[in-house]
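Good morning, and thank you for the time.

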Amino acid sequence: MNMMQNRNYWFSSGYLITFYAAWSLWWSFYAIWLKSKIGLSGEQLGIVYAANSAAAMFFMIFYGIIQDKLQIGKAVITFQSIVMILIGPFLIYVYEPLLRNDFLLGVCIGAPVLSAGFISGCALIDSFIERISRLFGFEFGPARFWGSFGYAAATFVAGILFGIDPHINFWMASGVAVIYFTINLIFKPKQELSANNETQAVIQKPTIPTMSEILSLFGMKKFWLFVFFIIGTNSFYTIYDQQLFPNFYTSFFDKPEDGYQVYGYLNSFQVFLEATCMILAPFFINKVGAKKSLLVAAMVMICRISLSATLDNVYLISLVKLFHAIETPLFILAVFKYVVGNFDERLSSTLYLVGFNISSNVGVIVLSWLVGKLFDNTGYSTTFYVLASIVLFILIIATFTLSDDKKTKQP
């Protein structure tokens with residue numbers, strides 16, 4: 001059956017476009033909001049991001065193990081969607097006042113809420129839809145395109161609204177989350193029929209993995225080598241992209257409001273390009289393999305971080321930001337291909353949420369505060385050079401330690 005006629009593809013796309021739109025409306029300006037509106041220092045920003053990542057670890061373990069047990073069951077998604085709906089009033093009436101008046105309490109209360117709904121939720125929904133795509137006959141990349149499209153469209157709007165009042169963004173995020181919740185209530189995965197009413201290439205329901213099979217991952221050397229690569233590359237890049245770059249970029253503008261608006265436009269354009277690359281990336285990954293694709297994505301990270309340290313022209317910095325549109329599709333899709341190709345595919349949620357996302361968050365927890373201190377003492381340029389050098393070192397090691405492709409070249 002043509003993918004365009006596959007109802008599972010369209011429902012999956014609906015999940016992704018609404019989730020990423022809701023996330024973008026508040027997350028794309030989160031670091032700027034914390035620094036410019038709340039008035040946090042670089043060190044305090046590091047504490048916030050470290051706490052968010054620590055909470056995300058718990059939810060990723062919970063989400064990954066339970067979702068692998070449920071396979072295509074939606075109980076965890078339903079819980080996540082309810083938290084998403086509450087994000088607007090929580091940010092306005094609970095999180096913001098606490099950060100202003102009792103910083104540590106605000107951090108401790110905010111981290112689990114933000115993680116349950118969005119920071120861990122993005123990995124949950126990606127892994128859920130990737131499993132749906134394998135079971136019901138369509139590529140994950142074209143479905144994930146709609147997630148990037150939703151993020152881009154929402155970021156375009158968010159940049160304008162943020163300059164007026166960030167609270168508008170927060171309320172809109174809750175509104176979009178209601179749509180996400182509705183899609184989740186309606187969606188029931190179904191086998192599609194071809195024109196002659198024969199079942200269309202639907203995989204038999206896989207056996208549910210046992211807890212011992214899930215835990216056996218942690219005794220595998222190649223699992224830990226994969227984790228090491230993720231921490232050494234994606235963790236540092238995440239700190240750069242989320243904690244440092246938004247404020248770095250807006251510092252080029254005399255009026256903060258102009259910086260917010262231009263950053264919103266640029267971020268939106270970048271994610272539109274990212275959406276296009278989500279469609280094209282599977283062809284590249286299937287051609288060269290998942291391992292080489294991960295190495296290429298890491299090289300793109302290095303180029304973007306190091307060029308940010310070197311350039312001092314806002315137009316060139318804007319061009320460099322667009323590298324993210326290449327890196328993100330390559331990295332995300334190659335990670336899925338890598339874990340399915342080198343491990344038991346029934347454990348894909350655990351592998352993606354624990355092996356990829358928790359690994360990234362461990363790095364962020366350990367390093368965010370240190371990077372924040374480094375920035376407070378040395379500034380952007382030195383901090384960027386240090387991050388780029390570390391990622392390059394890990395890339396060289398990973399060339400020899402990541403597993404060679406097995407099933408990963410299969411479409």
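I shall speak about cavities, then aromatic pairs, then charges over rings.

This is a predicted model, in which local features need pLDDT of at least 70, side-chain atom pairs count only at pLDDT 80 or more, and totals for chains, interfaces and linings use all residues. Residues are numbered from 1 along each chain as its sequence is written, and side-chain values use heavy atoms, with hydrogens and water left out.

How many cavities of 30 Å³ or more does the structure hold? There are 2. A cavity here is a set of points, on a 1 Å grid over the protein atoms alone, where a 1.4 Å probe fits but cannot get out; lining residues have an atom within 4 Å of a point. A volume is the space filled by probe spheres set on the points, which are joined across faces, edges and corners.

The largest cavity has a volume of about 870 Å³. Its lining counts 41 residues, and those closest to its centre are Trp23, Trp27, Thr238, Asp241 and Gln242. Helix α11 supplies the largest share of this lining, 8 residues. Helices are DSSP runs (H or I, at least four residues), numbered from the N terminus. By class, the lining divides into 19 nonpolar, 16 polar and 6 charged residues. Nonpolar covers Ala, Val, Leu, Ile, Met, Phe, Trp, Tyr, Cys and Pro; charged covers Asp, Glu, Lys and Arg; the others, Gly among them, are polar.

The second largest cavity has a volume of about 50 Å³. Here α11 again gives the most to the lining, with 3 residues.

Let us turn to the aromatic pairs, of which the structure holds 52. Rings of Phe, Tyr and Trp (its six-membered ring) pair if their centres lie within 6.5 Å; planes under 30 degrees apart count as stacked, over 60 as edge-to-face and the rest as tilted. Phe19 and Trp23 form a tilted pair, because their centres are 5.9 Å apart and their planes stand at 45 degrees. Both residues are buried, that is, under 20% relative accessible area with a 1.4 Å probe, protein chains only.

Trp26 and Phe118 make an edge-to-face pair, 5.4 Å centre to centre with 75 degrees between the planes. Since Trp26 belongs to α1 and Phe118 to α6, this pair ties together parts 92 residues apart in sequence.

Finally, the charged end of Arg144 sits over the ring of Tyr20, 4.2 Å from its centre. The criterion is NZ of Lys or CZ of Arg within 6 Å of the ring centre and within 35 degrees of the ring normal.

Key. 1 Å grid on protein atoms, 1.4 Å probe; cavity = no way out; pocket = protein on both sides within 12 Å on 5 of 7 lines; lining within 4 Å. Helix = DSSP H or I, 4+ residues; strand = E, 2+ residues; numbered from the N terminus. Buried < 20%, exposed > 50% of the residue type's maximum accessible area, 1.4 Å probe, protein only.
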